[in-house]
Amino acid sequence: MNYNVPQGSCLGPLLFIICASEMFSVFESHPPSSHGYADDTQLYCADSQVVAVQDMENCISDVRDWTTASKLKMNDDKTECMLIGTRQQLAKVSLDKITVGKNSISLSQNVKNLGTLMDCNLKFHKQINNLCKSSYYFLYNIRKIRKYLTKDLTAILVHTLVISRLDYCNSILYGLPAYQIAKLQRVQNTAARLVYMIPKFTHISPYLKELHWLPVKFRIEFKITILTFQAIHGLAPKYLYELVRIKEQSSYHLRSSEEIILLQPSEKSLTRHGDRAFQFAAPRLWNRLPRV
């Protein structure tokens, strides 16, 4: 084959990434930044309304020319666009659509991003509600066959179908209000009660400890800490380890000179959502870790 990759082959995903990687050279000549995962490509920028729309449309136009030359097809119908900001910021914007090819793409309030629902205010209400809904659906079905299962088998089943959903991309939930996290904690508590077949109002902490399940809040912090460790040791993607800066060691021989301490960004430079960003959360959580 001179173009594209064979559908359904074992090497298909890898070959497609190699084939589509040249597209990012097109982005380098345009202001919008880009991220790609398999056949899902995202463009984003922060600028004034007129400039941002013009930059986006020009970049998409060049991408369309590249896909045509590479015998690929860009699906305009699957293209989505969203403005992100606080409610006060979005009220100042009059934009309602952008042009992609011959189609006008209306702005969306919620966009699915690799299986997670992002909203324009980054509050993740719909993501959490959908996550709770799907988790309770699986718990309800497991409960129907619970009497035929052992405790260990039920724990494996619950961990596979429910807990894995709570862990997927949970780092984006860092810094959300406690009442939002409490919804997910109730799901985890219900899952533990199902495993041990205990009443609803039984104290759940000893059972979570026996299952080695961290509470949801700490699972989120644990995920960010793992990403921080990978970023420090160069195992994370470039766009993550560039956000982590290690504090220079003092010329004096101190007990802390052998420890890895991260520099904390200035809080004055942060916006309302800034303290939830990885650049701020990573050093905060990493520097809190107990020193061995």
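Is cysteine 10 buried or exposed?

1. **Cysteine 10.** At 81% relative accessibility, cysteine 10 counts as exposed, where exposed means over 50% relative accessible area, buried under 20% and partly exposed in between, with a 1.4 Å probe and protein chains only. Cysteine 10 sits in the segment before helix H1, which covers residues 12-20. Helices are DSSP runs of H or I with at least four residues, strands are runs of E with at least two, and both are numbered from the N terminus. Histidine 30 is 20 residues from cysteine 10 along the chain, and their C-alpha atoms are separated by 34 Å.

2. **What you are looking at.** This is a predicted model, in which local features need pLDDT of at least 70 and side-chain atom pairs count only at pLDDT 80 or more, while totals for chains, interfaces and linings use all residues. Residues are numbered from 1 along each chain as its sequence is written, and side-chain values use heavy atoms, with hydrogens and water left out.

3. **The overall picture.** The protein has 11 helices and 6 strands. Its C-alpha atoms fill a box of roughly 60 × 60 × 45 Å along the principal axes. Of the 292 residues, 34% are buried. Among contacts with a separation of 6 or more, 58% are between residues 24 or more positions apart; a contact means heavy atoms within 4.5 Å.

4. **Surface and charge.** The accessible surface comes to about 19300 Å², and 56% of this belongs to carbon and sulfur atoms. Such areas come from the Shrake-Rupley method with a 1.4 Å probe, and for residues only the protein chains shown count as cover. The protein has 36 positive and 24 negative charges, whose mean positions are 13 Å apart. Here Lys and Arg count as positive and Asp and Glu as negative, with His and the chain ends not counted. Each charge is placed at NZ of Lys, CZ of Arg, CG of Asp or CD of Glu.

5. **Aromatic pairs.** How many aromatic pairs are there? The count comes to 3, using rings of Phe, Tyr and Trp (its six-membered ring) whose centres lie within 6.5 Å; planes under 30 degrees apart are stacked, over 60 edge-to-face and the rest tilted. One of them joins tyrosine 137 and phenylalanine 138: the ring centres are 5.4 Å apart and the planes stand at 75 degrees, so this pair is edge-to-face. Tyrosine 137 is exposed, at 52% relative accessibility.

6. **Tyrosine 196 with tyrosine 207.** Here the ring centres are 5.0 Å apart and the planes are at 55 degrees, so the pair is tilted. Tyrosine 196 lies in helix H7 (residues 178-196) and tyrosine 207 in helix H8 (residues 205-211), so the pair ties together parts 11 residues apart in sequence. Tyrosine 196 is buried at 16% relative accessibility, whereas tyrosine 207 is partly exposed at 24%. Not counting residues up to four places away in sequence, tyrosine 207 touches Tyr196, Ile198 and Thr202.

7. **Salt bridges.** The whole structure holds 3 salt bridges, each a side-chain nitrogen of Lys or Arg within 4 Å of a carboxyl oxygen of Asp or Glu. One of them links arginine 219 to aspartate 167, with the closest N and O atoms 2.8 Å apart. Arginine 219 is in helix H9 (residues 216-232) and aspartate 167 in helix H6 (residues 151-167), so the pair ties together parts 52 residues apart in sequence. Arginine 219 is buried, at 12% relative accessibility.

8. **The other two bridges.** Lysine 151 and aspartate 152 meet at 3.4 Å, N to O. Lysine 151 is partly exposed, with a relative accessible area of 35%, and aspartate 152 is exposed at 53%. Glutamate 242 and lysine 238 meet at 3.8 Å, N to O, and lysine 238 is exposed, with a relative accessible area of 52%.

9. **Threonine 228.** Which residues does threonine 228 touch, not counting residues up to four places away in sequence? They are Leu262, Phe278, Ala282 and Trp286. Threonine 228 lies in helix H9 and is buried, with a relative accessible area of 1%.
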